[in-house]
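Here is a brief structural report.

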Amino acid sequence: MNPEENNTPVEEATETVQAPVTEAAPAAAEAAEQQAPRGPRRDRDNRDRGPRGPRREGGRRGEAPAEDGPQLMEKVVYVNRCAKVVKGGRRFSFSALIVVGDQKGKVGYGFGKANEVSDAIRKGTDAAKRAMKNVVVVNETLPHEIYSEFGGAKIVLKPAASGTGLVASNKVRAVLEAAGVNNVIAKSLGSSNAANVVKATMQAMLTMRTADTILSARGKKKKESAI
């Protein structure tokens with residue numbers, strides 16, 4: 001076969017393949033420019049606005065910066081579910097007993113009701129924060145032994161030495177830990193109802209008084225120990 005006859009079809013084939021590629025490229029570029037026109041740059045629009053102010057703290061736009069407030073301890077003591085039988089089924093509602101304290105002698109409890117557990121806990125927490133009161137805490141324990149009753153609940157609280165810990169039930173422990181008490185021996189003698197036990201513990205904490213308070217009420221001064 002003649003080599004010149006074999007080279008001619010190869011050159012023609014390469015020309016036919018490359019021709020549509022070079023012609024289609026400018027057409028695609030023009031179509032892209034027509035579909036998505038380029039907008040003005042931001043720098044031109046912001047020339048007359050002055051320097052940019054400081055960035056806000058707190059994350060997204062519109063959010064206020066977080067304030068450094070006291071750290072509160074929140075404990076869910078008891079969650080109760082109530083079912084109401086209606087036509088077609090049952091409807092459930094929930095109630096939550098919450099204890100809130102700053103572990104520095106301030107504690108409160110709250111009771112919330114809602115159709116969802118999360119809403120009941122939120123309502124109880126808000127009520128507990130509003131009802132926080134100051135209690136007496138001396139060296140992470142109680143100033144003296146005390147007995148308290150509320151309804152059918154009966155509570156005995158005794159101060160303990162450092163390192164003893166909280167020897168108490170979960171309901172009494174929640175109130176004592178939130179108040180900042182770490183060494184106490186407690187005993188529940190009556191009903192185990194969560195609301196009454198918490199109220200009896202709070203009543204005992206609020207009725208406690210130190211020796212200085214009692215002496216000042218009697219018009220006396222504390223005697224200094226002779227060394």
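## Model and conventions

This is a predicted model: local features need pLDDT of at least 70, side-chain atom pairs count only at pLDDT 80 or more, and totals for chains, interfaces and linings use all residues. Residues are numbered from 1 along each chain as its sequence is written, and side-chain values use heavy atoms, with hydrogens and water left out.

## Overall layout

The protein has six helices and eight strands. Helices (H or I, at least four residues) and strands (E, at least two) are DSSP runs, numbered from the N terminus. Their order from the N terminus is α-α-β-β-β-α-β-β-β-β-α-β-α-α.

Of the 227 residues, 25% are buried. Buried means under 20% relative accessible area, exposed over 50%, and partly exposed in between (1.4 Å probe, protein chains only). Among contacts with a separation of 6 or more, 55% link residues 24 or more positions apart. A contact means heavy atoms within 4.5 Å.

## Nonpolar cores

A nonpolar core is a set of buried Ala, Val, Leu, Ile, Met, Phe, Trp, Tyr and Cys residues joined through side-chain atoms within 4.5 Å. The largest one holds 28 residues; Val107, Leu157, Val181 and Val184 touch the most other members. Elements giving two or more residues to this core are β2 (89–101), β6 (153–159), α4 (170–179), β8 (184–188) and α5 (194–207). The largest share, seven residues, comes from α5. A second, separate core has seven residues, including Ile98, Ala114, Ala128 and Met132.

Val107 sits in strand β3 (residues 106–114). Val107 counts as buried because its relative accessibility is 0%. Beyond neighbours within four places in sequence, its contacts include Val99, Ala131, Val175 and Met202.

## Surface

The accessible surface comes to about 17100 Å², and 48% of it belongs to carbon and sulfur atoms. Areas come from the Shrake-Rupley method with a 1.4 Å probe; for residues, only the protein chains shown count as cover.

Val79 lies in strand β1 (residues 73–86). Val79 is partly exposed because its relative accessible area is 38%.
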